[in-house]
Amino acid sequence: MKDRSAVNQTFSMDRWAKLMTLHWSVNRKRYLLAIPAMLGLLLVWEGFIVIENTFQPLDEGFQSLTYYVGLYTVGCLYASTIFGEFDIKAQGIVWLAIPASSLEKMLCGLVYSAITFFVVYTLAFYLVDIPMIRVVNGLIKNGHRTWAEGQPIDPVPVFHVFNGMPNDYLRHLSSLYLLFYFALQSAFALGSVYFKRYAFIKTGVAVAIALICFMTLQQRLIEQTLPQGWHRQFFYDWIIDGGTLHVRAVRLSPLLGAILGPMLLYGIPVIFWTATYFRIKEKEV
Amino acid sequence: MMVTIRDLHFAYRRRTVFSGLNLDLAPGHIYGLLGRNGTGKSTLLRNLGGFLFPRQGTIDVLGYLPRKRQPDFLQRVFLLPEELFLPPLPVRRWVRVQAVFYPRFSQEQFDKAAAGFSLPLEGRLDEMSYGQQKKILICFALATNADLLLMDEPTNGLDIVSKSQFRKVMAGAVDANNCIVISTHQVKDLENLIDRVTIIDEGRILFDQTVDAISRTLLFRLSHDPQETAAAIYSESSFRGNSLILPNHTGEESAQDLEMLYKAVMLKGAQLNLLFKP
């Protein structure tokens, strides 16, 4: 039995490039229509806020909210269709029959849904957001807008995806939101291979159930094993008498935190994409 | 052997399709896989193509394990499924982006086969009828020059002229190095095309003989003679007389009626198979 497990049977750049081209050719129309649709929706939404808010519309917080809601919603929706070929048996056979390896097929989906979509969506967001902020600042400056107390309203800065959230104490959350997005998005990509129909809804339900189970497990297993009066706070801290002057805390060692933290943050997408690869490999139609 | 199936067991959840199937397919032949709907023909082809996995037993195709779906294997084995899916692309663009995956693809062969079917190549795939889409896929399948071509009900949706063209095109597609397996329940469509008849029912091979062996062993005859009718293994009466399948003791050649053979196997398989025992 020929077991051509050489690297060439697992990954070939030439074959992968052909697969990427094929994916683009088949989906080009859909993708090219999605970009103006995204731009239009962002423009209408931000335009509506500019008209409605007569003080300081589109502040950084609002921009970040718009960015993340759009990213999470559209990104997960798109990811849940990335291996949608399996919705229809005939389409699934055609896709699996393409002479490319499962790894190449998974990587093709990953590049389009995780990387390309993120880049395109972020560019589309800024293509709308930057001119809108100019408009907003023009309105603030030319309209001599003030707060109700008479203080002048400061110009609005453009929200920076990689610079964190507007408030200092929330700054670290921006990268968390992004990392959580990639984790969630990878779960939806896995769902597109797992579920035959309604992958978006089914994955959403599965993720919700998994989160509830995780939280319940933490609550039941960890909280109940703690000494009387102690509670868990986030992942690394345990406190007693929280909110009082006698508060005491136990924290995991920084080394353990340094290992566990990145594993949780960066590991989930890796785990889900690996699961997607094996699922494609073992898929029967 | 190009394909070796040993002790194949396959089931869909609770429905067993194969339990211990053995089959060998050699290069240089066009195999006709005949059987009623739902008897496991498509399942067998999908197992051979690596789209379904055996629950037990082994399948060896060209020395590969189909379930691994290695790129080399997928380049050499092409499955034309019964249900089609073609993307909404212009025909020529689809051929261009798809053909690059098949090193032995011949554009000339594709164009020639398409011309034979009088296919318009300027249109879009999604604007074509089911029959036209099927013909495009048949042309593409042939042009890949795959070693093993698996065709599931390829004549479904083809008009009479196209069916005849299909037989013509397929007859010229087989050589000493490749093998074509055509599954169908429309037995007539494969007449004068296949050189080996495999009849499958309830997941079992009921009959598996070459056309030459059938010709040597059986005699297909229209008769009015009651004595001859009584001696027939299988008979059917029609307004022209009795169509008979008789043991061929004289080495006489006769035009085979696949449909009648199929019915004879279904009704008197054991008796028929005995004649082929050496």
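**Chains A and B: a walk through the predicted model**

Good morning. In this structure, 27 residues of chain B are in contact with 25 residues of chain A. Please keep in mind throughout that the model is predicted.

Let me stay for a moment with the side of chain B that touches chain A. Two helices of chain B, helix 2 (71–76) and helix 3 (91–99), each supply at least two of its residues. Helix 2 of chain B gives the largest share, namely four residues. Sorted by class, the residues on this side of chain B comprise 17 nonpolar, five polar and five charged.

I now turn to chain B as a whole. Chain B contains nine helices and twelve strands. The C-alpha trace of chain B spans about 65 × 45 × 35 Å along its principal axes. How does the radius of gyration of chain B agree with that of a compact globule? For 278 residues, a compact globule would have a value near 19 Å, and chain B has 20 Å, so the two agree. Of the 278 residues of chain B, 43% count as buried. As for the contacts in chain B between residues at least 6 apart in sequence, 69% of them join residues at least 24 apart.

Is Leu23(B) buried or exposed? Leu23(B) has 20 other C-beta atoms within 10 Å, and therefore it is buried. Setting aside residues up to four places away in sequence, Leu23(B) touches Ile5(B) and Ile205(B). For a sense of distance, Leu23(B) and Gly63(B) lie 40 residues apart in sequence, and their C-alpha atoms are 15 Å apart in space.

The second topic is Pro54(B), located in the loop between helix 1 (41–49) and strand 4 (56–61) of chain B. Beyond its neighbours within four places in sequence, Pro54(B) is in contact with Leu8(B), His9(B), Phe10(B), Asn47(B) and Ile59(B). By contrast, 35 Å separate the C-alpha atoms of Pro54(B) and Thr217(B), which are 163 residues apart along the chain.

Next, some backbone geometry. Most residues other than glycine have a negative phi. Which values do we find at Glu153(B)? The phi of Glu153(B) is near 45°, a positive value in a residue other than glycine. Glu153(B) sits in the loop between strand 6 (148–152) and helix 6 (160–171) of chain B. Glu153(B) counts as buried, because 21 C-beta neighbours lie inside 10 Å.

Asn192(B) is not a glycine either, and it has a positive phi of about 65°. This residue, Asn192(B), belongs to the loop between strand 7 (179–184) and strand 8 (196–201) of chain B. What of its surroundings? Asn192(B) has 10 other C-beta atoms within 10 Å and is therefore exposed.

I shall close with helix packing. Two packed helices are described by the angle between their axes and the distance between the axes. In chain B, helix 4 (residues 107–116) and helix 5 (residues 130–143) pack at an angle of about 145°, and their axes are 8 Å apart. The crossing of helix 4 of chain B with helix 5 of chain B is right-handed. Helix 4 of chain B contributes Gln109(B), Phe110(B), Ala113(B) and Ala114(B) to the contact, and helix 5 of chain B contributes Cys139(B), Phe140(B), Leu142(B) and Ala143(B). By class, seven residues of this contact are nonpolar, one is polar and none is charged.

In chain A, the axes of helix 5 (residues 102–142) and helix 8 (residues 254–281) come within 9 Å and cross at roughly 135°. Helix 5 of chain A is therefore oblique to helix 8 of chain A. This crossing of helix 5 and helix 8 of chain A is also right-handed. From helix 5 of chain A, the residues that meet helix 8 are Ser102(A), Leu103(A), Lys105(A), Met106(A) and Leu110(A); from helix 8 of chain A, they are Trp273(A), Thr276(A), Tyr277(A), Ile280(A) and Lys281(A). The contact of these two helices of chain A consists of six nonpolar, two polar and two charged residues.

Thank you for your attention.

Key
Residues are numbered from 1 along each chain as its sequence is written. Chains are lettered from A and ligands numbered from 1 in the order in which they are written. This is a predicted model: local features need pLDDT of at least 70, side-chain atom pairs count only at pLDDT 80 or more; totals for chains, interfaces and linings use all residues. Two residues are in contact if their C-beta atoms, placed from the backbone, lie within 7 Å. Ala, Val, Leu, Ile, Met, Phe, Trp, Tyr, Cys and Pro count as nonpolar, Asp, Glu, Lys and Arg as charged, and the others, Gly among them, as polar. Axes are lines fitted to C-alpha atoms, for helices over the stretch in contact, and angles run from 0 to 180 degrees between N-to-C directions. Angles under 35 degrees count as roughly parallel, over 145 as roughly antiparallel, 65 to 115 as roughly perpendicular and the rest as oblique. A crossing is left-handed if the near helix is turned anticlockwise from the far one by less than a right angle, and right-handed if clockwise. A residue is buried if 20 or more other C-beta atoms lie within 10 Å of its own, exposed if 12 or fewer, and partly exposed in between; C-beta atoms are placed from the backbone. The radius of gyration is taken over C-alpha atoms; the globule rule is 2.2 Å times the number of residues to the power 0.38.
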